[in-house]
Amino acid sequence: MLWRISLAISCVKLLLVYAYHSTDFEVHRNWMAITNSLPLDEWYISDISQWTLDYPPVFAWMEKCFTYVAAFIDPQMLILDNLNYASNSTIAFQRLSVIVTDFILVYAVIEYAKYYKKISKSSSESEGNNFDPQLVLTFLLLANVGLLIVDHIHFQYNGILFGILILSILRISQDCLYEGAFWFALLLNMKHIYLYIAPAFGIYLLRNACFQSDKDGRIIWTSFSFQRIFFLASIVASVFTISFGPFLLKGQLFQVLGRLFPFKRGLCHAYWAPNFWTLYNVLDKGLAIAGSRLNLLPSNMTSAAAMTGGLVREYEHSILPTVKPFHTFLLTALSMLPLVLRLWFSTKGRNCFVECLSMCAFCAFLFGWHVHEKAVLLITIPLTLVVLDEKSWAKIFLLLSFVGHYSLFPLIYTSAESPFKCGVFLMYTIFSFYSLGKRHLRRTKKDDHFLPLMTVTEKIYLVGFALLHVYNQLLHHYVFRLNSTLPFLPLLFTSLYCALGVFYIWIISLKTFLLNR
Amino acid sequence: MKNVTVHLSLIILFAIVIRWTISLHPYSGAGKPPMFGDYEAQRHWMEITYNLPVGDWYQNTTDNDLQYWGLDYPPLTAYHSWALGIVSHSLNSSWVELHKSRGLESYDHKLFMRYSVLVVDLIVYLPAVFVYFLFCSPGLHDQYSQLVVCTVALLYPGLMLIDYGHFQYNCVSLGFALWGVIGLCKGHDLLGSLAFVLALNYKQMELYHAVPFFCYLLGKCISHFRKNYHEGMVKFVKLSAVVLASFSICWLPFLQSREQLTQVLHRLFPFARGLFEDKVANVWCSLSLVVKFKQILSISALTKICLTTTLLLIIPSSLDLLFRPSIPKFKLALVNSSLIFFLFSFQVHEKSILLAALPVLLLLPENFFACIWFLLISTFSMLPLLVNDGLTIAFLASTLLFYLLCDILTCVEFQQSVNRCNQNITRLKFFLEKQSQMLFAAFIVSITGMVILTFVLLAIRPPERYPDLFPVIVSAYSCAHFLMFLVYFHWCQLTISPSSFLSSSNDRTESIQDNLSVKRQHKKLKSN
């Protein structure tokens, strides 16, 4: 049955073939052209297109695999100079490649659901008036609205990547640590954004592979095994060697790494992801405007502050100190430190690991350098794996998936796709609130029907999104007619309103993770 | 949130989402000058009705070239176009500019047109489906099955592909017809006939449904008449008054002169167009594989042949309904009548199968399996048209989705996992127990045939001598299925026992009275 459901979801994805696609479509077409027409040592050098290859080698190899099929469909798309080539068959092929590779995710999710059923049965779960947990998990993961928007409209290959991530988590949960480590190493070599959650993996693997635990789950320091750590390291190292080895031999390692980590980009992406730096920027802007109004600032600074189109790549802070990549790195590392310590001394294995992993992604999302709004998926998708177990995490998930997925809306700005994204978002939200509310609330409690598990303030905050949406879609353009003077205002409001929520969610999740045991 | 609200909102949102994804696909005649397609026809009607006085809408004038998508639908469509014309003028006046807007295609205009379908769909068709399955279908007792049938009916790919892909407003006429059925089911015959008149005045193809409506209402009048002379007479007069009044209100602007009326009628029933258009899965097109009717016979002869066969074939189900009027028979007669019209009448479009598909949707609660089979075949029969419109992917995805949904929603495992608290609900089954292995095998063979033919049509180049070979085979294949369904639904209608339904007490008394009256008539005849 789960396979049939996933097939049905794939049909919906298939219907999106002709939907709007962003420049990422051309990015991936170009990478196919690069891997098809250039020898290995030019992959990370070529700059014929502005969209240079900036994913790790294993992903490039995957693109190379696609080209063998693509050559049959339309060889034109594999020509390097054919910039922005998008024939109908090219579109169909690339969209299909996403849908087909998504079956890795489907496989991982179904395996996970089966595993979950097995372990939850043993812990004598009460059979109430709720859905089958397998079904809820499958829906929440496979029909994830963020994934639908980012992969199947915007165009990216996150499905397969998250599939590998879930597979890795699943193997680690099943105590096949080496296999899990292998999958995660592979994942890192497909998209390096997963480095954000590497601390959690590293700590958990070290803790469990090298040390044994006593009956209460506490660590036994004397049980250190050099053999096992060697084995673990050799698996990870061999994956990296196969991936990066050829480039190392040709002396291109730094060239490749330079492409992978372009620190020349700004602190925030073109559209501000709803993180800490959005709040920081807005505070700066607010102080600058207030300062210029009150004539507290020297005149050379007021001109910068008066600038309204502040959403350019390089945002110069006028009052607060300008942030450098190093600062964000330090802040991220510092915020992760208590989390991994907590994981190290945790006595609860699996769940704590998944929670820690999501929290690491959360910290990176909040404090990282040049964070994309899409990175929110890195928090919500792993977090989905634990929402059925604990009420507090279900609440965090519900809030975050609402806010985070709404913050993806500006990604798809075209009006034709607007009903789709709103419809799918509402469906996903209604389903997740309904199913998780049913699971975690006693049936006798009658007062909590609307937005279950939320406090009053949170409910008001969530309902506020309706106002935000109405303002952005209608009032801004048609009533206030600010479109020509303040075109970025809706984006700014969205970022700011989401950022406030995200920051709040981070605090309560931190509290839950560190204190609540 | 209450369970029902959640379920209903999820179903509605899902229906909207799927409809909207289909609307992202191309429409008929996109980028194909000089004639374009149905999309341009609808836009052109907005242009004509917005700019010209009512009297000129159906007339060939210097500003209204009837050769270029002249208005050939009844007045309600024209009024709808006029209203949309006003809206589109206020949004962007170039969309309906006389003469200059011909063949207009733009991103925003496509969006406007797609929205216009969604709006009327949400107003007319969607609520009708819910009302019908939640309140008018006696076969379903538990809410789960009712909602499943709603979902399946709303996601019928044929209608979605034609309205949101190809581009038409079938949801309006079919929605009104459905409201008519609801009215009759609930015993509000006057409201029902009013809704049906609206349907008929939106699209003349609704005539396919007219015979059962007429026979059912007349039959009911007759049975009232027998019980109570006065009551029956009043009912008849009321019904005819409602029908005549609503008709004349719809046609008011065109009743000024006799010429105008004949001109409109001439536009609505263009007998000069030919036996069938393109490749349609009806009997004449399929037989033309063997006999070339179009070459042998003149158009007037063909018209007569079509007319007589259609009328002859429609007699059994109509008479049955006329003398034993009951709601179950009425629904089956709707299927039979529209199928006969589709298969045997003159000048049929592929899209007209939707008119048969609507009453089949209504039978879903009673006979899930046969209906799903029919609905799949009916969507398949439009494949050549859809491929032409560039809707291949939409067709494949939505049909597969529809099949999977039927399969998932009716499988026991799924029903158990969503209804874990109450184990003993009456389960909707894809296959009934009494259905034999043979039938299942036939279904599998038929579906496999469909898949193979789809593959052949899409992937294999036809031989040069017969460029239309595969579309014709698709039509013939579907036509054979439709003929079998015709026989099957006739059998259902004629053998259905009135006592097996909820309104059995009424029906039984009526049928007894029918018998008595038949005997009385015999006696009268003999004495005469």
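What percentage of the 517 residues in chain A is buried? Buried residues make up 60% of them, buried meaning under 20% relative accessible area with a 1.4 Å probe, protein chains only. This is a predicted model, where local features need pLDDT of at least 70, side-chain atom pairs count only at pLDDT 80 or more, and totals for chains, interfaces and linings use all residues. Residues are numbered from 1 along each chain as its sequence is written, chains are lettered from A and ligands numbered from 1 in the order in which they are written, and side-chain values use heavy atoms, leaving out hydrogens and water.

**View 1. A tilted pair, Trp57(B) with Phe254(B).** The whole structure holds 67 aromatic pairs over all chains; rings of Phe, Tyr and Trp (its six-membered ring) pair if their centres lie within 6.5 Å, with planes under 30 degrees apart counted as stacked, over 60 as edge-to-face and the rest as tilted. Here the ring centres of Trp57(B) and Phe254(B) are 6.4 Å apart and the planes are at 50°, so the pair is tilted. Both Trp57(B) and Phe254(B) are buried.

**View 2. An edge-to-face pair, Phe167(B) with Tyr169(B).** The planes of these two rings are at 80° and their centres 5.4 Å apart, so they meet edge-to-face. Phe167(B) and Tyr169(B) are both buried.

**View 3. An aromatic cluster in chain B.** Among its members are Phe342(B), Trp373(B), Tyr488(B) and Trp491(B).

**View 4. Arg102(B) over Tyr68(B).** The charged end of Arg102(B) sits 4.1 Å from the centre of the Tyr68(B) ring (the cut-offs: NZ of Lys or CZ of Arg within 6 Å of the ring centre and within 35 degrees of the ring normal).

Terms used: Buried < 20%, exposed > 50% of the residue type's maximum accessible area, 1.4 Å probe, protein only.
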